Amino acid sequence: MTRVLTATIFLSITLACIVSGGFVFALFALLLVYLGMKELLQFMKAKGNNPCDLFIYITCFLYLVLGFFNRPDYIAVLTTFVIIGTFLAVLKRGKDSRIQDIGSTLLCITYGGFLPSHFLFLRNLNITGIDFLGIHVRSGFGYVLLLFVVISITDIAAYYTGTKFGKTPLFKEISPKKTVEGAVGGTMFAILASIIVGHLIHLDLVHSIIAGVLITAAAQLGDLAESMMKRDAGIKDSATLLPGHGGILDRADSYIFSVAVAYYYFYYFIVC
(Lines give C-alpha, C1' and ligand atoms only; values in the text may rest on other atoms or scores of the structure.)
Protein backbone atom coordinates (compact mmCIF):
# COMPACT_ATOMS: atom_id res chain seq x y z
CA MET A 1 0.00 0.00 0.00
CA THR A 2 2.87 2.38 0.78
CA ARG A 3 4.40 1.74 -2.64
CA VAL A 4 1.06 2.25 -4.42
CA LEU A 5 0.26 5.43 -2.45
CA THR A 6 3.70 6.92 -3.14
CA ALA A 7 3.47 6.09 -6.84
CA THR A 8 -0.04 7.59 -7.06
CA ILE A 9 0.98 10.86 -5.40
CA PHE A 10 4.21 11.16 -7.40
CA LEU A 11 2.46 10.36 -10.69
CA SER A 12 -0.35 12.84 -9.94
CA ILE A 13 2.12 15.66 -9.27
CA THR A 14 4.10 14.74 -12.38
CA LEU A 15 1.02 14.68 -14.62
CA ALA A 16 -0.17 18.02 -13.22
CA CYS A 17 3.20 19.57 -14.12
CA ILE A 18 3.11 18.00 -17.58
CA VAL A 19 -0.35 19.41 -18.22
CA SER A 20 0.79 22.84 -17.04
CA GLY A 21 3.89 22.75 -19.23
CA GLY A 22 6.06 25.85 -19.60
CA PHE A 23 7.83 27.19 -16.53
CA VAL A 24 6.02 24.88 -14.09
CA PHE A 25 7.15 21.74 -15.91
CA ALA A 26 10.68 23.13 -16.35
CA LEU A 27 10.94 23.90 -12.64
CA PHE A 28 9.69 20.42 -11.76
CA ALA A 29 12.22 18.87 -14.16
CA LEU A 30 14.99 20.96 -12.60
CA LEU A 31 14.07 19.72 -9.11
CA LEU A 32 14.03 16.07 -10.23
CA VAL A 33 17.36 16.42 -12.05
CA TYR A 34 18.93 18.01 -8.97
CA LEU A 35 17.68 15.28 -6.62
CA GLY A 36 18.55 12.52 -9.09
CA MET A 37 22.02 13.95 -9.56
CA LYS A 38 22.68 13.88 -5.82
CA GLU A 39 21.89 10.16 -5.87
CA LEU A 40 24.00 9.54 -8.97
CA LEU A 41 26.98 11.32 -7.42
CA GLN A 42 26.58 9.01 -4.44
CA PHE A 43 27.04 6.04 -6.78
CA MET A 44 30.17 7.56 -8.28
CA LYS A 45 31.78 8.40 -4.93
CA ALA A 46 30.97 4.97 -3.51
CA LYS A 47 33.30 3.59 -6.21
CA GLY A 48 36.12 5.96 -5.28
CA ASN A 49 35.50 8.47 -8.09
CA ASN A 50 35.66 12.20 -7.53
CA PRO A 51 33.53 13.86 -10.23
CA CYS A 52 33.36 17.65 -10.62
CA ASP A 53 30.14 18.34 -8.73
CA LEU A 54 29.69 22.05 -9.45
CA PHE A 55 30.53 21.69 -13.14
CA ILE A 56 28.00 18.85 -13.37
CA TYR A 57 25.18 20.87 -11.83
CA ILE A 58 25.89 23.88 -14.05
CA THR A 59 25.98 21.88 -17.30
CA CYS A 60 22.81 19.92 -16.40
CA PHE A 61 21.08 23.24 -15.77
CA LEU A 62 22.20 24.46 -19.20
CA TYR A 63 20.73 21.36 -20.89
CA LEU A 64 17.42 22.08 -19.17
CA VAL A 65 17.60 25.70 -20.33
CA LEU A 66 17.90 24.46 -23.91
CA GLY A 67 14.89 22.24 -23.31
CA PHE A 68 12.86 25.09 -21.84
CA PHE A 69 13.53 27.34 -24.83
CA ASN A 70 13.14 24.36 -27.19
CA ARG A 71 16.54 24.73 -28.85
CA PRO A 72 17.67 21.20 -29.75
CA ASP A 73 19.87 22.76 -32.44
CA TYR A 74 22.29 23.87 -29.71
CA ILE A 75 22.68 20.43 -28.12
CA ALA A 76 25.78 19.54 -30.17
CA VAL A 77 27.38 22.91 -29.39
CA LEU A 78 26.77 22.59 -25.65
CA THR A 79 27.95 18.97 -25.61
CA THR A 80 31.20 19.94 -27.35
CA PHE A 81 31.98 22.54 -24.69
CA VAL A 82 30.86 20.17 -21.93
CA ILE A 83 33.41 17.56 -23.05
CA ILE A 84 36.21 20.12 -23.27
CA GLY A 85 35.13 21.74 -20.00
CA THR A 86 35.19 18.39 -18.22
CA PHE A 87 38.84 17.88 -19.12
CA LEU A 88 39.67 21.42 -17.98
CA ALA A 89 37.80 20.96 -14.69
CA VAL A 90 39.77 17.81 -13.90
CA LEU A 91 43.07 19.25 -15.15
CA LYS A 92 42.73 22.06 -12.60
CA ARG A 93 43.33 19.48 -9.89
CA GLY A 94 46.94 19.12 -10.95
CA LYS A 95 48.57 15.97 -9.59
CA ASP A 96 45.15 14.75 -8.36
CA SER A 97 43.82 14.61 -11.95
CA ARG A 98 42.50 11.12 -12.78
CA ILE A 99 41.02 9.58 -15.91
CA GLN A 100 38.21 7.98 -13.90
CA ASP A 101 37.09 11.42 -12.69
CA ILE A 102 36.71 12.55 -16.29
CA GLY A 103 34.64 9.45 -17.03
CA SER A 104 32.44 9.76 -13.93
CA THR A 105 31.83 13.47 -14.59
CA LEU A 106 30.76 12.84 -18.19
CA LEU A 107 28.58 9.90 -17.11
CA CYS A 108 26.77 12.06 -14.56
CA ILE A 109 26.19 14.82 -17.11
CA THR A 110 24.90 12.54 -19.86
CA TYR A 111 22.83 10.21 -17.68
CA GLY A 112 21.57 12.77 -15.17
CA GLY A 113 21.30 15.90 -17.30
CA PHE A 114 21.48 15.44 -21.08
CA LEU A 115 19.04 12.51 -21.30
CA PRO A 116 16.42 13.86 -18.83
CA SER A 117 16.42 17.25 -20.60
CA HIS A 118 14.57 15.49 -23.43
CA PHE A 119 11.43 15.62 -21.27
CA LEU A 120 11.29 19.35 -22.03
CA PHE A 121 12.11 18.85 -25.70
CA LEU A 122 9.42 16.19 -25.99
CA ARG A 123 6.81 18.31 -24.18
CA ASN A 124 7.56 21.23 -26.51
CA LEU A 125 7.18 19.23 -29.72
CA ASN A 126 4.41 20.61 -31.88
CA ILE A 127 3.01 20.14 -35.36
CA THR A 128 -0.41 21.78 -35.46
CA GLY A 129 -1.58 20.51 -32.08
CA ILE A 130 -4.02 17.67 -31.39
CA ASP A 131 -7.54 17.31 -30.04
CA PHE A 132 -7.39 15.21 -26.87
CA LEU A 133 -10.77 14.37 -25.28
CA GLY A 134 -12.25 17.51 -26.77
CA ILE A 135 -9.37 19.78 -25.72
CA HIS A 136 -6.88 21.23 -28.22
CA VAL A 137 -3.37 20.67 -26.83
CA ARG A 138 0.22 20.79 -28.03
CA SER A 139 1.34 17.60 -29.80
CA GLY A 140 4.15 17.17 -27.28
CA PHE A 141 1.64 16.75 -24.47
CA GLY A 142 0.18 13.73 -26.24
CA TYR A 143 3.62 12.20 -26.78
CA VAL A 144 4.59 12.65 -23.12
CA LEU A 145 1.25 11.15 -22.08
CA LEU A 146 1.89 8.13 -24.31
CA LEU A 147 5.38 7.77 -22.81
CA PHE A 148 4.06 7.74 -19.24
CA VAL A 149 1.24 5.31 -19.96
CA VAL A 150 3.47 2.88 -21.85
CA ILE A 151 6.12 2.85 -19.11
CA SER A 152 3.54 2.53 -16.33
CA ILE A 153 1.88 -0.40 -18.08
CA THR A 154 5.29 -1.96 -18.75
CA ASP A 155 6.13 -1.87 -15.03
CA ILE A 156 2.75 -3.20 -13.89
CA ALA A 157 2.42 -5.93 -16.53
CA ALA A 158 6.05 -7.06 -16.15
CA TYR A 159 5.58 -7.37 -12.38
CA TYR A 160 2.38 -9.40 -12.53
CA THR A 161 3.29 -11.63 -15.48
CA GLY A 162 6.73 -12.18 -13.98
CA THR A 163 5.23 -13.07 -10.61
CA LYS A 164 2.74 -15.52 -12.10
CA PHE A 165 4.66 -17.03 -15.02
CA GLY A 166 8.29 -16.00 -14.51
CA LYS A 167 10.81 -18.84 -14.55
CA THR A 168 13.68 -17.70 -16.76
CA PRO A 169 16.01 -15.02 -15.28
CA LEU A 170 16.52 -12.01 -17.53
CA PHE A 171 19.83 -10.76 -16.06
CA LYS A 172 20.33 -12.76 -12.89
CA GLU A 173 23.60 -11.08 -11.93
CA ILE A 174 22.11 -7.59 -12.26
CA SER A 175 18.47 -7.94 -11.17
CA PRO A 176 17.64 -11.43 -9.84
CA LYS A 177 13.86 -10.89 -9.67
CA LYS A 178 13.39 -9.90 -13.33
CA THR A 179 12.42 -12.66 -15.73
CA VAL A 180 12.17 -13.11 -19.48
CA GLU A 181 8.47 -13.92 -19.11
CA GLY A 182 7.91 -10.68 -17.21
CA ALA A 183 9.76 -8.67 -19.85
CA VAL A 184 7.71 -10.25 -22.65
CA GLY A 185 4.46 -9.66 -20.77
CA GLY A 186 5.41 -6.06 -20.07
CA THR A 187 6.26 -5.50 -23.73
CA MET A 188 3.02 -6.98 -25.06
CA PHE A 189 0.78 -4.93 -22.76
CA ALA A 190 2.89 -1.83 -23.38
CA ILE A 191 2.31 -2.10 -27.13
CA LEU A 192 -1.42 -2.49 -26.53
CA ALA A 193 -1.40 0.59 -24.29
CA SER A 194 0.52 2.53 -26.94
CA ILE A 195 -2.10 1.65 -29.56
CA ILE A 196 -4.93 2.84 -27.30
CA VAL A 197 -3.26 6.12 -26.32
CA GLY A 198 -2.04 6.58 -29.89
CA HIS A 199 -5.66 6.38 -31.07
CA LEU A 200 -6.70 9.02 -28.52
CA ILE A 201 -3.99 11.44 -29.68
CA HIS A 202 -4.62 10.66 -33.38
CA LEU A 203 -1.34 8.84 -33.93
CA ASP A 204 -1.11 6.45 -36.86
CA LEU A 205 -1.37 2.75 -35.90
CA VAL A 206 2.07 1.87 -37.26
CA HIS A 207 3.67 4.77 -35.41
CA SER A 208 1.84 3.76 -32.22
CA ILE A 209 3.18 0.21 -32.43
CA ILE A 210 6.75 1.27 -33.24
CA ALA A 211 6.73 3.92 -30.50
CA GLY A 212 5.40 1.36 -28.02
CA VAL A 213 8.15 -1.14 -28.87
CA LEU A 214 10.94 1.46 -28.69
CA ILE A 215 9.71 3.02 -25.44
CA THR A 216 9.14 -0.23 -23.55
CA ALA A 217 12.50 -1.64 -24.72
CA ALA A 218 14.36 1.52 -23.67
CA ALA A 219 12.45 1.62 -20.36
CA GLN A 220 13.39 -1.94 -19.43
CA LEU A 221 17.01 -1.34 -20.44
CA GLY A 222 17.04 1.83 -18.34
CA ASP A 223 15.76 -0.10 -15.33
CA LEU A 224 18.54 -2.66 -15.73
CA ALA A 225 21.17 0.06 -16.24
CA GLU A 226 20.33 1.73 -12.93
CA SER A 227 20.29 -1.66 -11.19
CA MET A 228 23.76 -2.33 -12.60
CA MET A 229 25.11 0.96 -11.22
CA LYS A 230 23.57 0.36 -7.79
CA ARG A 231 24.90 -3.18 -7.61
CA ASP A 232 28.39 -2.08 -8.63
CA ALA A 233 28.32 0.74 -6.06
CA GLY A 234 27.01 -1.63 -3.37
CA ILE A 235 23.86 0.43 -2.83
CA LYS A 236 20.39 -1.16 -2.48
CA ASP A 237 18.25 1.95 -3.07
CA SER A 238 19.44 5.23 -4.56
CA ALA A 239 17.84 7.09 -1.60
CA THR A 240 14.91 6.92 0.84
CA LEU A 241 13.02 9.96 -0.45
CA LEU A 242 10.07 8.00 -1.86
CA PRO A 243 8.63 5.45 0.62
CA GLY A 244 8.29 2.02 -0.94
CA HIS A 245 10.36 3.02 -3.99
CA GLY A 246 13.67 4.42 -2.76
CA GLY A 247 15.03 7.48 -4.50
CA ILE A 248 14.26 9.56 -7.56
CA LEU A 249 16.45 7.37 -9.76
CA ASP A 250 14.66 4.24 -8.54
CA ARG A 251 11.35 5.74 -9.70
CA ALA A 252 12.61 7.47 -12.85
CA ASP A 253 15.16 4.96 -14.18
CA SER A 254 12.74 3.64 -16.81
CA TYR A 255 12.26 7.13 -18.24
CA ILE A 256 15.86 8.26 -18.63
CA PHE A 257 16.64 6.29 -21.80
CA SER A 258 13.08 6.07 -23.11
CA VAL A 259 12.31 9.80 -23.13
CA ALA A 260 15.28 10.53 -25.42
CA VAL A 261 14.37 7.60 -27.68
CA ALA A 262 10.75 8.79 -27.83
CA TYR A 263 11.77 12.36 -28.62
CA TYR A 264 14.01 11.45 -31.52
CA TYR A 265 11.48 9.01 -32.95
CA PHE A 266 8.61 11.50 -32.84
CA TYR A 267 10.82 14.35 -34.04
CA TYR A 268 12.37 12.64 -37.04
CA PHE A 269 9.50 10.38 -38.14
CA ILE A 270 6.42 12.44 -37.34
CA VAL A 271 7.23 16.11 -36.82
CA CYS A 272 9.84 16.51 -39.57
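Is Y263 buried or exposed, and at what relative accessibility?

The model is predicted: local features need pLDDT of at least 70, side-chain atom pairs count only at pLDDT 80 or more, and totals for chains, interfaces and linings use all residues. Residues are numbered from 1 along each chain as its sequence is written, and side-chain values use heavy atoms, with hydrogens and water left out.

**Exercise 1.** Classify Y263 by accessibility.

Solution. Buried means under 20% relative accessible area, exposed over 50%, and partly exposed in between (1.4 Å probe, protein chains only). Y263 has 2% relative accessibility, so Y263 counts as buried.

**Exercise 2.** Classify the ring pair of F121 and Y263.

Solution. Rings of Phe, Tyr and Trp (its six-membered ring) pair if their centres lie within 6.5 Å; planes under 30 degrees apart count as stacked, over 60 as edge-to-face and the rest as tilted. The structure holds 16 aromatic pairs. For F121 and Y263 the ring centres are 5.7 Å apart and the planes stand at 45 degrees, so this pair is tilted. F121 lies in helix α6 (residues 118–123) and Y263 in helix α10, 142 residues apart. Helices (H or I, at least four residues) are DSSP runs, numbered from the N terminus. F121, at 0% relative accessibility, is buried.

**Exercise 3.** Describe the surroundings of D253.

Solution. D253 sits in helix α10 (residues 248–271). With 4% relative accessibility, D253 is buried. Beyond neighbours within four places in sequence, D253 contacts (heavy atoms within 4.5 Å) Y111, G222, D223 and E226.

Methods. Helix = DSSP H or I, 4+ residues; strand = E, 2+ residues; numbered from the N terminus.
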